[in-house]
Amino acid sequence: MKKVILYTDGSCLGNPGPGGYGALLMFNKHRKTLSKGFKHTTNNRMELMAPIEALNALSEPCSIDLYTDSQYVKNGINQWISTWKRNNWLTSAKKPVKNVDLWKALDEACSKHKIRWHWVKGHSGQAENELVDDLAREAATSDAKAEDVGFEETL
């Protein structure tokens, strides 16, 4: 099984507002970046989109170390999602899970791979995290053209 390292980040200007995600995929000496901007979205949606798109860009099952500066994403996928699924996508307060469309997409994307999730402190000088932060911010500021189709249902 190929060993891949992923770094992901999301950005939103205004929250909600224009947003974007950035991802870095590393395999041996190969490096690939992904990013995309959206007209109107939230920071949490972009934090979720980054690992979804990075994982879906892989053409075969891989062993992955995935780094994110989002506790929301790391805790959601490692601690909360199994309860949400068991409770038909309701929180412990019996409210609908926010961003359920993206949580379902992330769950599906994860199912193909063996993933170890790592949290990295944002804006701490870690080179790869700074790179994906720059990609996400650049996508939010200059490439925010796409519609975030699921955004309206999360309000």
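Start with helix H2, residues 71-86: at 1.5 Å a residue its 16 residues should span 22 Å, and the C-alpha atoms at its ends are 22 Å apart, so the two agree. This is a predicted model.

**Stop 1: helix H2**

With H2 still selected, go to Trp-80, where the helix bends by about 60 degrees. Next, colour the buried residues of H2: Tyr-72, Val-73, Asn-75, Gly-76, Ile-77, Ile-81 and Trp-84. An α-helix has 3.6 residues a turn, so residues three or four places apart point the same way. What covers the buried residues of H2? Show helix H1 (43-56), helix H3 (100-110) and strand E5 (114-119), which are included in that cover. Then step past the end of the helix to Asn-88, which follows H2 and has a positive phi, near 55 degrees.

**Stop 2: the largest pocket**

Move to the largest pocket, which holds about 240 Å³ of space. Its lining is made of 13 residues, and those closest to the centre are Val-4, Leu-25, Phe-27, Ala-57 and Leu-58. Select these five to find the place. Which strands each supply at least two residues of the lining? Display strand E1 (2-12), strand E2 (17-27) and strand E3 (30-41); each of them does.

**Stop 3: Glu-60**

Select Glu-60, in the loop between H1 and strand E4 (62-68). Is Glu-60 buried, exposed or partly exposed? Its relative accessible area is 35%, so Glu-60 counts as partly exposed, since buried means under 20% and exposed over 50%. Now show what surrounds this residue. Leaving aside neighbours within four places in sequence, Glu-60 is in contact with Lys-2 and His-113. With Lys-2 there is also a polar contact of 3.5 Å, side chain to side chain. For another lysine, select Lys-36: Glu-60 and Lys-36 are 24 residues apart in sequence, and their C-alpha atoms are 23 Å apart in space.

**Stop 4: Asp-133**

Finish in helix H4 (residues 127-142), where Asp-133 is placed. Asp-133 has a relative accessible area of 6% and is therefore buried, the cut-off being under 20%. What does the side chain of Asp-133 meet? Show Arg-137: the side chains of Asp-133 and Arg-137 are joined by a polar contact of 2.5 Å. Then look beyond the neighbours within four places in sequence, where Asp-133 is in contact with Asp-9 and His-123. Display both residues together with Asp-133 to see these contacts.

Technical notes
Residues numbered from 1 in each chain as written. Predicted model: local features only at pLDDT ≥ 70, side-chain atom pairs only at ≥ 80, totals over all residues. Heavy atoms only, no water. Helix = DSSP H or I, 4+ residues; strand = E, 2+ residues; numbered from the N terminus. Buried < 20%, exposed > 50% of the residue type's maximum accessible area, 1.4 Å probe, protein only. Polar contact = N/O pair within 3.5 Å; in protein donor to acceptor, adjacent residues only side chain to side chain. Contact = heavy atoms within 4.5 Å. Expected span 1.5 Å × (residues − 1). Bend = angle between axes of the 7 residues up to and from the residue. 1 Å grid on protein atoms, 1.4 Å probe; cavity = no way out; pocket = protein on both sides within 12 Å on 5 of 7 lines; lining within 4 Å. Points joined across faces, edges and corners; volume = space filled by probe spheres on them.
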